[in-house]
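Below are my notes on the model, as numbered points. Please read them with the coordinates open.

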Amino acid sequence: MSEFKLAVLASGRGSNLQALLRAIDAGQLPARIVGVFSDKPKCGAISIAREHGLHTVALKPRDYADRAAHDEALFSAVADVQPDLIVCAGYLRIISDATVRRFEDRMINLHPSLLPRHPGLDTHARVLAAGETEHGASVHAVIPALDAGPVLAQVRLDVGKGDTPESLAERLSPREHALLVACTTAIAGGRAWLAGGRWLFDGQALDQPLRLDNHDQLQRETAHA
Ligand code: GRF
């Protein structure tokens, strides 16, 4: 089987990139990271990528006339590595519609909420402000509308009485890692793929997102009586 190539986009500390690298090293994720791309040359994700000897391209938006020009430069570099899948793992810039369409059905994003609840930023604080008892993370296909693409899978987390935005972020982080690794593994291994804007999993269309269970396995939601 030919090698499955991943391009990772990140703007932050890079813990999700690290989780993908660990899963590849452990033989769990049948893929290779062919490049790490960023809008922040000094971010943790770029340092981690360099330590692993990975190809990196980091371009500051302010060096470009506008969003379209920055996207064109960064995503031309992404196209150069010919990825099978682009994984947005904490890439904190909105990607222009033209660029999203260029990589249609080949780009996923990790988002820290149970979509469709709380697209956008500050999700932990918004969950608390809304008095919700459940939080989580989603992996979804990237489409031109922000955080609105079909969701492949989610992981859930109970919100405790004493939770703060920081404690929620801290508890969610390892579950996000497991979710991203499980979803990327399912796609790289051919169990999950996108067709006509819908996810197929084991050959069957998904009517609702898969759920990551406590053993880090993706499960179909079962209807409760
Ligand atoms: C994650 O919490 C993800 O949900 C959000 O950005 C964070 C990235 O963290 N979109 P890291 O850079 O992978 O550590």
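1. Proline 116 sits in the loop between β5 and α5; helices (H or I, at least four residues) and strands (E, at least two) are DSSP runs, numbered from the N terminus. The peptide bond joining leucine 115 and proline 116 is cis, with omega about 10 degrees. Most peptide bonds are trans, and most residues other than glycine have a negative phi.

2. This is a predicted model, in which local features need pLDDT of at least 70 and side-chain atom pairs count only at pLDDT 80 or more, while totals for chains, interfaces and linings use all residues. Residues are numbered from 1 along each chain as its sequence is written, and side-chain values use heavy atoms, with hydrogens and water left out.

3. Histidine 118 is in the loop between β5 (107-111) and α5 (123-129). Is histidine 118 buried or exposed? Its relative accessible area is 13%, so histidine 118 is buried (buried means under 20% relative accessible area, exposed over 50%, partly exposed in between; 1.4 Å probe, protein chains only). The side chain of histidine 118 makes a polar contact of 3.1 Å with the side chain of glutamate 132. A polar contact is a pair of N or O atoms within 3.5 Å; within protein, one must be able to donate a hydrogen and the other to accept it, and residues adjacent in sequence count only if both atoms are side-chain atoms. With neighbours within four places in sequence left aside, histidine 118 is in contact (heavy atoms within 4.5 Å) with His111, Ser113, Thr123, Arg126, Val127 and Glu132.

4. Glutamine 82 has a phi near 50 degrees, a positive value; glutamine 82 is found in the loop between α3 (67-80) and β4 and is exposed, with a relative accessible area of 55%. Aspartate 147 also has a positive phi, of about 55 degrees. Aspartate 147 lies in the loop between β6 (134-141) and β7 (151-158), and is buried at 13% relative accessible area.

5. Next, the ligand site. Around the ligand are Gly12, Arg13, Gly14, Ser15, Asn16, Gly90, Leu110, Pro112 and Glu176 (a residue is near a molecule if one of its heavy atoms lies within 4 Å of it). Which distances separate oxygen atoms of the ligand from polar side-chain atoms of arginine 13 and asparagine 16? For arginine 13 the distance is 3.0 Å, and for asparagine 16 it is 2.7 Å. An N or O atom in the side chain of glutamate 176 is 2.6 Å from an oxygen atom of the ligand. The ligand taken alone exposes 370 Å², of which the protein buries 83%; accessible areas come from the Shrake-Rupley method with a 1.4 Å probe, and for residues only the protein chains shown count as cover.

6. Glycine 90, one of the residues around the ligand, is in the loop between β4 (85-88) and α4 (97-102). At 29% relative accessibility, glycine 90 is partly exposed. Beyond its neighbours within four places in sequence, glycine 90 is in contact with Leu9, Ala10, Ser11 and Gly12.

7. Nine strands form an open sheet with mixed pairing, in the order β3-β2-β1-β4-β5-β6-β7-β11-β12 (two strands pair if DSSP finds at least two bridges between them). β3 and β12 (218-219) stand at the edges with a single partner strand each, so one side of each has no neighbour in the sheet. β4 and β5 run parallel, joined by three bridges, and valine 87 stands opposite isoleucine 108 in β5.

8. Helix α2 (residues 44-51) has the buried residues Ala45, Ile46, Ile48 and Ala49. They lie on the same side of α2 because they cover an arc of only 160 degrees around the axis, the arc being that of the directions from the helix axis to the C-beta atoms. Their cover includes α1 (15-25), β2 (32-38) and β3 (56-58). Exposed Arg50 and Glu51 are on the face turned away from the buried side.

9. β8 and strand β9 (residues 198-201) pair in the antiparallel sense over four bridges. They form a hairpin with two residues between them, and glycine 196 in the turn has a positive phi of about 55 degrees.
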